Amino acid sequence: MRDTAIDKKLWRTASERVQPLQSFRRVNIANLFVLAAGGIILFMLACALVPQWIAPYPPTEMQTDSILQPPSSKHWFGTDYFGRDVFSLVVYGSRDSLFIGLMSVVVGGLAGSVLGSLSGYLGGKWDLILMRFIDILMTIPGILLALAIAAALGPGLLNIVLAVAVAGIPNYARVMRGQIMSIKGRPYITAAISIGMTRLDVFRKHVLPGSLSPLLVMATLGIGSSILAGAGLSFLGLGLVKEIPDWGALLSQGRGYLTVAWWICTFPGLAITLFVLSVNLIGDRLRDHLDPKKAKI
Amino acid sequence: MTRMIAGRLASSLLVVFGSAVLVFCILYLLPGDPTNTILDPSTATPEMINQLRHQLGVDRPLYVQLLDYFGDLLRGDFGRSLLDSSPVLPKILTSFPPTLALTAASMAISVIVGILLGVLSAIHRNGWIDIFARLVGLFGISMPTFWSGILLLLIFSVHLSWFPAMGSDGWKTLVLPSITLGIIGSGFIVRLVRNSMLEVMNEPYIVTLRAKGIVERTVMYRHALRNALIPAITMIGMLVGEMLAGTVVIETVFSRQGIGRILADAIMAKDLPVVQGVIFFSAIIYVTVNLLVDLSYTLIDPRLRRSL
Amino acid sequence: SGGSGENTAAGADQAASGQTTAGGELTYALATSPDTLAPQQSGLAVATRVYRSIFDNLVVKLPDNTIKPWLATEWSISDDHKSYTFKLRKGVKFHDGTPFNAEAVKFTFDRILDPNVKVGNAAAQISPYESSEVIDEYTIKLNLSQPSRAFLGNLSQGPLSIISPTAVKKYGDEFGKHPVGTGPFKFVKWEENSEITVERNPEYNWAPETVDNQGAPYLDKITFKIVPEEATRIGSVQSGQVLAAETVPPQNVLALKNDPNFQILETDTIGLPYTLFINREHEPWNELKARQALQYGIDVGSIVKTLYLGTYNQAWSALTPGVFSYDESLENSIQPDQAKAAALLDELGWKPGADGIREKDGKKLTLHYVDGSPNREKRNDIAVMIQQQLKKIGIDVQVEITKDVATVIYQNQDYDLYGNSQVNGDPNALYAFYHTPAAGATTLSKLSDPQVDQWLEQGAVETDDAKRAELYKKVQQYIKDQAVIIPIYVFPYTVAAAKSVQNLKFDVLGYPIFNDVKLQN
Amino acid sequence: MRPLLEIEHLSVEFPARPEPLQVLYDISLTIAPRENICLVGESGSGKTVTSKAVMRLTDFEHGRITGGRIRLNGMDLTQASPRELRLLRGKKMAMIFQEPMSAFDPVYTIGHQITQTILTHDRKKTRAEARKRAIYLLSRVGIPEPGMRMKQYPGELSGGMLQRAMIAMALSCGPELLIADEPTTALDVTIQAQILGLLQELKQEFNMSILLITHDLGVAAQIADRIIVMYAGRIVEQAAAAELFSRPLHPYSQGLLQSVATLDTEKGTRLPSIEGSIPALTDLPSGCLFHPRCPFATDRCMQEAPPLEHKDGRDVACWHAEQSASTGKSAGQEPPSSREVSVPASVLSPRLMDAPELFQINRLSKYYPIRGGRFGHRSFVRAVDDVSFSIRQGETFGLVGESGSGKSTLGRLLLQLENQTSGEVKFQGRELSKLRAAELRSIRRDFQMIFQDPYGSLDPRWKVGEIIGAPLEVHDRLSGKEKQLRVGELLESVGLAASAMDRYPHEFSGGQRQRIGIARAIALRPRFILADEAVSALDVSVQAQIVNLLLELQEKLGLTYLFIAHGLQIVRHISDRIGVMYLGKLVEIAPAHELFASPTHPYTRALIESIPHMTPGQQFMANGIQGEIPSPARPPSGCRFHTRCPFATAKCRTEQPELVPAGDDRFVACHYPL
Ligand SMILES: Nc1ncnc2c1ncn2[C@@H]1O[C@H](COP(=O)(O)OP(=O)(O)OP(=O)(O)O)[C@@H](O)[C@H]1O
Ligand SMILES: Nc1ncnc2c1ncn2[C@@H]1O[C@H](COP(=O)(O)OP(=O)(O)OP(=O)(O)O)[C@@H](O)[C@H]1O
Ligand SMILES: [Mg+2]
Ligand SMILES: [Mg+2]
């Protein structure tokens, strides 16, 4: 087949650089969501960085004479069974939760993309071996892997990060491999080879940068699932135990009180959900933006 | 066709064994040992512990245990639980049906809800339905299951008494857990189906169909959807893994019988043979489902039929 | 003070008014899964709750700590207190038809000593048992290596209940999945992580004195459902899916007590309360003043009140109320006093540093607080509260929550503070915790005082109850004075049940007894 | 006679940010029954949108008709309800598309998709009747074994076959208007000739009008009664085919006509081309949209848009129509004289004949293993099969052949972008496959490549300066100022401003990108450049610009080219010698003009005869070859062409002809050369 048709399409995208859209009203709503998501993420980042500016009480302060107080103007999110201010706890708890989310994505993403890159770029025997390894990791569902690793390493922030990170490796590796393989077939890679660039340079300068955007999208989405996985570990009793609990621990500790003091675990739950939701929204938007099919090449 | 299946089976077997070895190694590194669960640490003497360790055979080097394990496995012996000495195979076989039922029901919910919302969302792109469906999808993947599970339980079981709060017998006990788990899956599927529907809707053959004057409903459901499902099906294969894993939490929340809980308990108690057995089984399930998924492609996508 | 001994169900007195019939199925939600139903192997209380109704013991202990016949009709003790001769009840059969006789008893006890059999707590409870002699079919003599006042009482405890020799031979290691005893209920099936079913033993007519119904139980069947998730367990009672659920979290106790459709049954367990052991081998806790600072610095009352919302009783001694020789005088003997605590630390030269944490010779005053996971009975929360309380007197508490208590505590002994409790009917339980350990072994308290050793040794064999009580009171007093431990709470075993469940009782140790239970239509 | 289709002042816009994009502007045209109309124009001029608007298919892309009327048989389609439209589509008007491969739903059989159309519009027909009709139609469009094809899936048919099936499907309800949007662009010339012939025949039989969209003026000349020239969403000229070809009035039409390399243009002469490229719809010039590219442009053109004026039965939108037509001067630019270095072809050839050989290819083969061969036998695609020839220094060697004949593979082998299965490639006497990796990398500076796809061949993340600078950095270790200077020179030498180096590839048009690619290729002053379909993806006017540039660079830098293309005229125009490939074999090699003047291989002759002639009015005769190229995995025995050769004998079926000398600097592999 002549591939002129495809070229025509490519042609088209150049002249179509103006994004077609359907209705302004609706698009504005979608934008509003993304804007809100961005706001939420920024706020939560602020919570993680400077909780003392935001939280009205020290997170560990126990007012034992006012335990299990429902939300009020004094305690926006009520108090927990120690008499701690739930709002302050949620604010402070963001730090470890976000850390788990971000770091495990960084670690897992890095490891996964190294594996995926090697596999995709080297191809052949390497590909076969590495992909088998990834397949093996895939057959053990992520949370189980995390469970085993968390159990092996014991509690601790970095251990949780590691457990969650390892569970994420196969996904990153697969995406990266696919991306590398698709880029490897592009004409500009042939062009780079034909001007005499070394394999390593081609990889460094062309293949890798081109592969990063889907990885970025995945990483964004991964932050959400990592936070959820961390919370899941807390639920199963393998989570982080610290003076200032993270969201997962808050949620998991407060769940026994749902019938008598719904606020204790509802707010951390909402915090997780909202954050993950926002991250996903942004990730989706990022994907739309970076999607090679929609992009301005 | 048979050749391809045979090849796939062979490599799947390899993968399953690989995962068994990997898990064995990870668990070997776990600190502590099963004697902790068996003996009361406050009264147990070191001799008692050592003796028990020897009885259980957990004091041997890793490779000996590993070889032993696989030797037995080849003879169809999955070993015995270190904790209660019961054979692993029957333990798994009795716990598997509820887990499978849960996984299957959750998958069914994910797939039905996911595809329905995904399609509606793509067809009414940027409309209210789309916004709704995408939010449902997002919420689905953004909520911790143990939280949403307990919320559902409090509402539908404690307050409304519509469904039982726990247990694993009868379809009624499946409702809440499978919804909890299904929401996640549908979240993934909505997004995927929506994207691939939108992609397919831009394909030239959709224009052809319209140019032929085919009714829009036929264009969407008989043509666009069928093509859009192909990537969704891969997702389904992957989701089975997620769902199987999800049962760990769900089975605990809803006190269901199942391998998820067995596994979680076994991991924490370092009950190697049980962990091995369960991982082995779920790996087999996972691999089988993915094999089936690959085969089912060919039902939908004739392009692949020739490659068989 | 805490309820002791036998507590009957609150609904018992309504029995007359309601329509109660024999038969029916009791569904009973357990908080965790038993590990095994073989009494000798299990170490978990939850297993005992289930297998108690399948097995019987030679003797039974009443709330007043007297020992009464059960499978043994009478017994005599040799003068040297080293052999016990039991006359056994005739006509008792195991569920599998095996006759109960002296051989069965010998088999049961000898098996605990068999090095090829893994055993749990039974080993500790049977000591100092050495051998037994079958005198005739219904007479057996048990020989001890040394006298023990606790021995007879221990024979009433679950781990030492009598098992069917034929069934053990038949099932071997899997006896725990196919338990066969002589008890009021027969084992039917066990679905892993889901439920355990037992059914009425119609031939049963050898109930001990502790139950009213001397014949076969009224219930046709008991189904124990395993429901670890608190909310689900309570939810399943509230939604009527089960009739009773154990271990009700404090926050739900109050609500259920006020609900006309439900009742809360509770009984304090006895033995050693939940106690924080101070590792006196670690500096500075080797100093009495430092330990006393903890005694004054930790506001146990506030902890118990806050976390358990008044549903748990505060513990004051090394023993719980209800145990023979419990020293009531210790109650309210210590009041939290931060100033005093601070002064004690000052005296030792620990001065507050810039961050409020005390220092001495450039070293921070830290306390390594270890607790197990999961958060059983909110014990982790206690750690969190103590952390905050001690911070106020300048101690930096480092909390370590670990799954692997055995390694951290028992192997590495890497702790300053660690909590434990034990269900036990005899004050001799103190021996394992406070007597100088045997060479190579260790105790949690790490106490080694010849005086205490002597009291404990004497208490183990003293036959005069008054003198014996005196000895143990001295021990309790000493433990308090020397600030060896911080007692925290007495664990009440709680059951939430529908109003229709009647006559659910608990034995001395707090295990449920189902013989008398009837369901009201 | 009442027109079948009338379009009056049609305007169409698509929603876009920041304001709607007006894609069609005041389009008016009519089609009479049984009339053939061709829409021509460069890419993006709105041809496809016009055709989709007629069927109101633009609705599905959120396009809006903002003004004007479309009448089919008097019925106003702009006012029709969706249901009415649906009943018209496929029934009264049918459409065929450029890419037959993607125009069929891949998951349904061909038969299903054809009968579906019939059953939708003719409810009285039973399934069996519909099937019968479908089979009839398939056989009518020349598909062998139609019964069997009915059961096949689109992926199992070749492109040419699918286009026939597409036509059968379009004809299934006997439409009055057939819209064909570039129906042959994706096909080989040989197949194109067959399809065009088929359309001609069917038009007679079905009594319908055809609206054909094409950018190939040759095709238009063959088919059209009337031609409409579009530019940036407007009609600029409309005339009967013969008139337009003989006397184009609009400077744009003139430019288009002259840009095309015909069989009479000479190698070495420059093709007239239109400067610049079609403007983006978002950034339209004022006044006459063509004025920035028009040699006649005056102030008035800059300020005022000329209306489409009707004169002597033809329409034209130009202020200077009369004048430009009469002066004979056209938009096709003669290259500036400063760059005039052209030497007549006749002078070049003898010199080249004794030129040293740069590449020597000996018995070169490349087999690709295919997976899933039956019974474990490995089978191969013989992409290049035992090919020997040489390329002389300074010449342009053209390579032609149908799709899949192995041209690209051969090119990649020469550049060692792929390892050969057997045989050898010698560059200046050095066997390339024997070189070590580092040696090969350093020798790469001597042979470079220009790609077909102007978008894919430039890394979108790199600035133009970096792209062109990369080879300089790799081989000459240039950096900083020095590199920048050199890149600037290179950009200027390919006709771009030096300032372009700071921009990204996507900011350039296709033609400009191709220039960037060329600048990269010549950066190291290589001896040899492989140009694989380097101009195929470009519009005619731009094609001419690039061809001129290539020729000019060859002169200046003494380059040797291997020029692969499927546009035969272009190859003839640029090449000194041409090799013809068929199924992995070279079947003929000859000097360019001789090859065209007297082809000796039947395949070569068939290829040449398939080229549409730029002589309108003359009805197209399908006298090319029949059938399609067989699969290279199972090539026919003996002479591979025998299955399609009108002269094939028993010998051809069994004995493989060798490539042997056939006269002056010519080779042919045929038992019975013409
Ligand atoms: N659905 C759409 N939304 C927005 N713009 C569009 C859409 N379809 C086409 N266009 C724009 O309309 C213009 C004309 O497009 P059209 O497809 O009609 O060109 P064409 O003449 O057919 O070109 P080609 O030769 O490349 O097929 C282009 O600039 C294109 O970007
Ligand atoms: N990497 C490859 N793996 C397998 N087969 C290949 C590969 N590259 C090319 N082929 C096959 O080799 C044959 C020749 O391909 P090639 O691309 O060289 O043809 P071509 O003459 O350049 O065609 P076109 O005009 O379509 O570009 C085709 O049948 C093609 O399918
Ligand atoms: Mg077009
Ligand atoms: Mg090619």
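Tutor: The dialogue below treats chain A, its interfaces, and then strand pairing in chains C and D.

Tutor: This is a predicted model, in which local features need pLDDT of at least 70 and side-chain atom pairs count only at pLDDT 80 or more, while totals for chains, interfaces and linings use all residues. Residues are numbered from 1 along each chain as its sequence is written, chains are lettered from A and ligands numbered from 1 in the order in which they are written, and side-chain values use heavy atoms, with hydrogens and water left out.

Student: How many helices and strands does chain A have?

Tutor: Helices (H or I, at least four residues) and strands (E, at least two) are DSSP runs, numbered from the N terminus. Chain A has 11 helices and zero strands, so the order of elements from the N terminus reads α-α-α-α-α-α-α-α-α-α-α.

Student: What share of the residues in chain A is buried?

Tutor: A residue is buried under 20% relative accessible area, exposed over 50%, and partly exposed in between (1.4 Å probe, protein chains only). Of the 297 residues in chain A, 59% are buried. A further view comes from contacts, meaning heavy atoms within 4.5 Å. In chain A, 71% of the contacts between residues at least 6 apart in sequence join residues at least 24 apart.

Student: How many residues of chain A are in contact with chain B, and how much area do the two chains bury?

Tutor: Buried area is the accessible area (1.4 Å probe) that two parts lose on being put together, summed over both. Here 47 residues of chain A are in contact with 45 residues of chain B, and the two chains bury about 4,200 Å² between them, 77% of it on carbon and sulfur atoms. Thr139(A), Leu144(A) and Phe235(A) supply 13% of the area that chain A buries against chain B, more than any other three residues.

Student: Which elements of chain A give two or more residues to the side that touches chain B?

Tutor: They are helices H2 (24–49), H5 (124–139), H6 (142–153), H9 (199–235), H10 (247–254) and H11 (263–290) of chain A. The largest share, 12 residues, comes from H11(A). For composition, Ala, Val, Leu, Ile, Met, Phe, Trp, Tyr, Cys and Pro count as nonpolar, Asp, Glu, Lys and Arg as charged, and the others, Gly among them, as polar. By that scheme, the side of chain A that touches chain B divides into 29 nonpolar, nine polar and nine charged residues.

Student: What is the extent of the interface between chain A and chain C?

Tutor: There, 19 residues of chain A are in contact with 19 residues of chain C. The two chains bury about 1,700 Å² between them, 58% of it on carbon and sulfur atoms.

Student: How is strand pairing read, and which strands pair with S10(C)?

Tutor: Two strands pair if DSSP finds at least two bridges between them. Six bridges join S9 (residues 185–191) of chain C to S10 (residues 195–200) of chain C, and these strands run antiparallel. Trp190(C) stands opposite Ile196(C) in S10(C). S9(C) and S10(C) form a hairpin with three residues between them, and Asn193(C) in the turn has a positive phi of about 60 degrees. S10(C) also pairs in the antiparallel sense with S11 (residues 221–226) of chain C over five bridges, where Val198(C) stands opposite Ile222(C).

Student: Why is strand S15 of chain D said to be largely enclosed?

Tutor: Five of the five residues of S15 (residues 396–400) of chain D are buried, so the strand is largely enclosed by the rest of the structure. Thr396(D), Gly398(D) and Val400(D) point one way from S15(D), and Phe397(D) and Leu399(D) the other way. S15(D) pairs in the parallel sense with S20 (residues 560–564) of chain D over four bridges, with Leu562(D) as the bridge partner of Phe397(D). Four bridges also join S15(D) to S21 (residues 577–582) of chain D, again parallel, and Val400(D) stands opposite Val580(D) in S21(D).
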